[in-house]
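Here are my notes on this one, point by point. Have the viewer open while you read.

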Amino acid sequence: MTFEESHSVLSFIVILMNLYNHVFRILLVIALISIFLTPGFAETGIARAIPSLIEPTGIISINLTVYAGTSQSYSLWEYIPQNWTVLNMSTTTCQYDQSARKITCAKYTTSSNGLGAINISYNLTAPASGQYAFSGIYSIQGMAVENNISGDTTATIGKPRLSVSISGPDSGEPNTSLQFSSSSSGGEPPYTYNWNFGDGFKSTDQNPSHAYASTGTYTITLVMNDSSGSVQKTGAIVISGAANNISNTTTNQSSANLTSSITRSMPASVVAGSMMTVVLNIDLPDYSYYTIQEAVPMPWFILSVSNPGCTLNASGDNLVLCVAMGASPGRLSYDVYAPSGIALGSVYNFSGNYTFSSPVIIRSIIGAGSVTISNQKTCPLCTSPGQWSSCENGNKARTKYVCDNSTYTCVSQQDIQSCCMPCSANSTWSGCVNNIKTRTINVCSVVTSYKCADMQENETCVSEQANLTIDTYPVKGNAIVDGAGWGVSPQTRSIAIGSHTVSFGDVTGYTKPNSETINIDSNGAVVNKSYVKQQEIRCGDGICNGNETSAVCSQDCSIDISCIASIDKIDSDSLELKTTCLKKDALLSWKIDKPQTFPIIRADLKTAYNLNSSEIAINKLSRTDLSDAYQYLNIIPSFNNSIKEMTIRFAVRNTWITTNKIDANSIKLNRYEAYWQNIPTTKTGSDENYTYYQATITETGIFGINGQKSECPVCSPATTWSSCADGVRKRTNNLCDKVKLECVPTQETEKCCMPCTPDTDWTECKDSKQARKTYKCSEETSFNCIESPDERSCITRSDAEFAMASAQTAIDIANNENKNTTKAKISLLNSQASFADTDYEKAKRFADESRMFAQNAPILAQPFFLPIPFEFLAIIIIAAAAGAAGFLYWKRHQGFENCIVCEKPTAMHFKCSACAGSVCFRHSKVDHGKLYCDSCLRMGLNKKSLE
């Protein structure tokens with residue numbers, strides 16, 4: 001019950017005492033005491049909960065919890081800041097006034113148990129940015145708590161969380177370039193991308209391409225980072241079908257530019273007395289090993305560790321130790337428990353040392369490293385998991401106990417995990433070849449989903465032998481080394497390191513290759529030689545189209561021998577590719593691999609029909625009509641329209657890319673036909689000298705390789721502004737020159753405010769107001785000082801004096817009747833002390849309280865003995881209680897009217913002169929000896945118009 005409610009009830013009872021006899025007075029006093037003694041003074045308060053992260057223009061819920069205890073009523077006003085939009089309310093006892101931007105809630109009950117705890121929530125749409133304060137006026141029966149609200153009061157609009165998605169094919173063939181892409185939203189730059197294709201290769205491009213060397217199912221992972229953390233997405237791809245018969249299709253990616261990293265994932269907050277899981281994702285450039293020493297803060301303690309290569313430190317240092325080999329990537333997770341005695345709001349940091357090999361490097365961890373203890377309900381510490389069963393059919397099981405978040409009790413769950421069955425024995429070591437010996441080991445790995453898989457294991461050795469491979473085509477002739485016949489090619493044998501003579505046997509109808517001397521080192525050697533027809537017969541137009549007449553031509557068009565692909569010429573300006581006996585849709589490849597003299601390193605050809613023979617000339621051109629061009633080419637086939645499709649793989653020097661500030665991802669192959677037309681081009685990899693691309697053409701002609709300029713680099717931040725001098729401040733900013741693509745220091749100036757005239761003193765309090773003049777600098781007035789009025793409410797000395805005089809009069813009257821007025825006197829002393837400190841507003845408030853206690857002292861001191869029958873007394877008590885309850889209801893709805901001037905205080909109450917037959921029960925101010933009232937209490941309990 002609030003101060004005003006108590007005052008109004010007492011005033012009402014005083015009036016009744018003047019109208020009825022002593023017996024009824026005593027009964028009303030008993031009813032009054034029962035009202036004061038009814039439960040309602042239990043612990044009360046209001047708590048507000050605002051979400052910790054509010055996204056721009058997002059929809060959020062704000063919760064108000066009214067802890068009314070056994071109180072029987074409450075009311076509140078909740079103010080909504082500007083730019084917020086209220087969508088709906090969770091309770092019908094609340095209404096929203098849009099014009100006043102105010103939510104009003106009130107509730108009352110006649111139950112002796114009171115209201116208890118009541119939850120109120122309302123949904124809002126947040127603005128795009130800014131920081132906003134929520135406030136209000138809150139009252140619970142018997143206690144005003146407008147300054148006693150707990151919880152958040154400020155809402156800050158943050159940036160949207162980072163989210164990412166990945167896309168790409170779900171299947172493909174070996175040695176085929178596949179395109180993958182990513183899209184993201186939210187977060188805060190800079191962004192980084194870390195792709196892992198599941199076969200040991202990685203990429204830091206946003207939209208990379210990749211070719212798999214062999215069949216299988218691979219897990220693709222993208223970890224994207226912004227300035228505040230990271231998110232991870234995974235997918236799967238199935239590589240099936242036979243590999244294309246293309247040599248050196250996949251460019252080996254160098255691991256020199258790849259970096260190792262470790263990312264931690266853990267909750268931002270956790271409840272005291274509950275478990276938390278910490279996950280570490282380890283990213284390695286190749287098959288290597290790592291060690292981890294993860295420190296868990298005290299008094300947290302470790303429950304379990306999931307990675308078989310990790311153990312708990314037995315020395316009691318609260319550490320997790322991990323050592324793993326031959327695993328890329330790796331994953332570690334461990335469970336820790338926060339004891340229930342940890343204080344709310346405590347922050348604990350997780351840290352450690354992380355070492356990777358090949359090369360040996362140390363990387364700091366990426367991701368959250370701290371956790372905050374929250375105040376939500378907590379789960380108990382559950383029993384530790386049971387022991388794992390033996391591995392059967394690739395699975396092991398155990399019983400673990402987890403907390404049910406709905407009941408906050410521990411429940412048992414069956415925990416099943418994949419495991420490794422015994423793998424097959426390893427193969428024996430091979431002989432020493434190129435100073436390396438190899439064997440196949442059969443191991444179980446998380447990467448292979450706990451299945452046994454073959455893995456090649458290498459070991460360095462020392463040998464004086466090396467392999468020599470001899471292969472001839474299109475016929476398989478005899479290979480002769482140092483005069484000794486090796487047999488029909490292909491042949492691979494171990495031979496002593498040094499010089500050897502290689503020659504070839506005769507094949508009828510073909511000219512054999514020339515003999516040559518080769519030098520074999522520890523890397524061995526491969527000799528490819530072709531037998532050439534002694535005589536080439538071209539029939540008609542050279543195209544096998546069924547119009548051949550002679551037997552020789554028909555025999556040539558049967559395409560019954562292997563095709564010959566040869567490079568007749570390659571220099572710095574031209575390239576001539578030649579083929580003989582090419583079937584329609586058959587794939588023929590040339591590997592040039594000399595980007596230092598010619599940009600094309602490989603050409604893969606499919607023809608539209610059978611060919612006896614064909615030649616393709618590729619010549620460099622000198623042109624200037626394509627912007628940012630690297631090279632121009634003219635591709636000319638010997639037969640028009642004979643090419644069905646031709647995949648060209650080319651290399652671009654890295655020095656040209658960096659010197660010309662070209663974006664490597666923008667380089668394309670273009671074809672000219674009246675204008676330059678872009679051909680879809682894929683970036684396939686890079687090394688220290690070149691970046692590699694491929695594009696497929698279906699028409700020949702003039703082509704150009706070009707790229708686009710890179711964007712400006714990120715320049716260093718501007719210096720801080722200098723002090724304001726003569727209305728101007730300065731700083732140096734680093735801006736990008738979009739022509740040179742370089743950061744250039746630039747001097748910047750800005751208007752600023754010089755010190756303004758000090759504010760004037762406050763004027764004397766008049767009509768409850770006082771004013772002063774303030775001087776502020778404003779951008780709207782070109783940084784000039786402007787004068788603005790400032791006004792505030794106040795209480796005059798005369799107001800406070802009149803209030804204390806009224807209180808003293810009430811105390812004197814109560815003393816004359818020998819009534820106890822201790823509380824009134826204490827309040828009056830506080831009022832006088834505040835008056836002495838010139839705090840007139842506080843003095844007036846204490847004086848009002850003193851007057852209330854003094855007025856009601858005669859009522860509270862009435863005797864409690866009634867010479868009447870008990871039955872009659874019970875009836876009267878019930879009637880009095882019902883009347884008091886009805887009065888409370890009437891008071892809330894219609895019992896008051898405004899009145900203007902009240903008479904000077906009498907012994908018991910103030911009388912409203914402007915409201916006939918009514919009592920002023922709450923006043924607002926005193927001015928020139930007149931008391932102004934907020935509300936009038938009608939004696940007749942019915943509304944009347946003011947006169």
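1. Trp84, Tyr132 and Phe134 group into one aromatic cluster. Rings of Phe, Tyr and Trp (its six-membered ring) pair here if their centres lie within 6.5 Å; planes under 30 degrees apart are called stacked, over 60 edge-to-face, and the rest tilted. Tyr132 also turns up in a core of 28 residues, along with Ile50, Ile54 and Leu76, among others.

2. Before going further, a word on provenance: this is a predicted model, with local features needing pLDDT of at least 70 and side-chain atom pairs counting only at pLDDT 80 or more, while totals for chains, interfaces and linings use all residues. Residues are numbered from 1 along each chain as its sequence is written, and side-chain values use heavy atoms, with hydrogens and water left out.

3. On aromatics in general, the structure holds 15 aromatic pairs. One of them is Phe180 with Trp195, a tilted pair at 6.3 Å centre to centre and 45° between the planes. Phe180 sits in the loop between strand E15 (178-179) and strand E16 (181-185), and Trp195 in strand E17 (residues 192-196), so the two are 15 residues apart. (Strands, E, are DSSP runs of at least two residues, and helices, H or I, of at least four, numbered from the N terminus.) Both Phe180 and Trp195 are buried, where buried is under 20% relative accessible area, exposed is over 50%, and partly exposed is in between, using a 1.4 Å probe and protein chains only.

4. Trp300 and Phe350 make an edge-to-face pair, 5.7 Å centre to centre with 80° between the planes. This pair links distant parts of the chain, 50 residues apart: Trp300 is in the loop between strand E25 (289-295) and strand E26 (301-305), Phe350 in the loop between strand E30 (347-349) and strand E31 (351-356). Trp300 and Phe350 are both buried.

5. Now the nonpolar packing. A nonpolar core means buried Ala, Val, Leu, Ile, Met, Phe, Trp, Tyr and Cys residues joined through side-chain atoms within 4.5 Å. The largest has 34 residues, and Ile618, Met646, Val652 and Ile667 have the most contacts inside it. Strand E53 (residues 643-653) gives the most to this core, with five residues. What does Val652 touch, not counting residues up to four places away in sequence? Its list is Tyr630, Ile657, Ile667, Asn689, Tyr690, Thr691, Tyr693 and Ile705, with contact meaning heavy atoms within 4.5 Å.

6. Asp226 is worth a click. It lies in the loop between strand E20 (216-225) and strand E21 (230-239), yet at 11% relative accessibility it counts as buried. Setting aside neighbours within four places in sequence, Asp226 is in contact with Leu162, Gly187, Glu188, Pro190 and Tyr191.

7. Next, the sheet with strands in the order E40-E39-E42-E44: four strands, open, antiparallel pairing. Two strands pair if DSSP finds at least two bridges between them. Strand E40 (484-488) and strand E44 (516-520) are at the edges with a single partner strand each, so one side of each is left without a neighbour in the sheet. Strand E39 (residues 478-481) is joined to strand E42 (residues 498-504) by three bridges, and Ile480 has Ser503 as its bridge partner in E42.

8. How many disulfides does a search of the whole structure find? It finds 11, a disulfide being a pair of cysteine sulfur atoms within 2.5 Å. Cys423 is joined to Cys452 at 2.1 Å S to S, and with -80° about the S-S bond this link is left-handed. Cys423 is partly exposed at 29% relative accessible area, as is Cys452 at 34%.

9. Cys724 is partly exposed at 28%, whereas Cys752 is buried at 8%.
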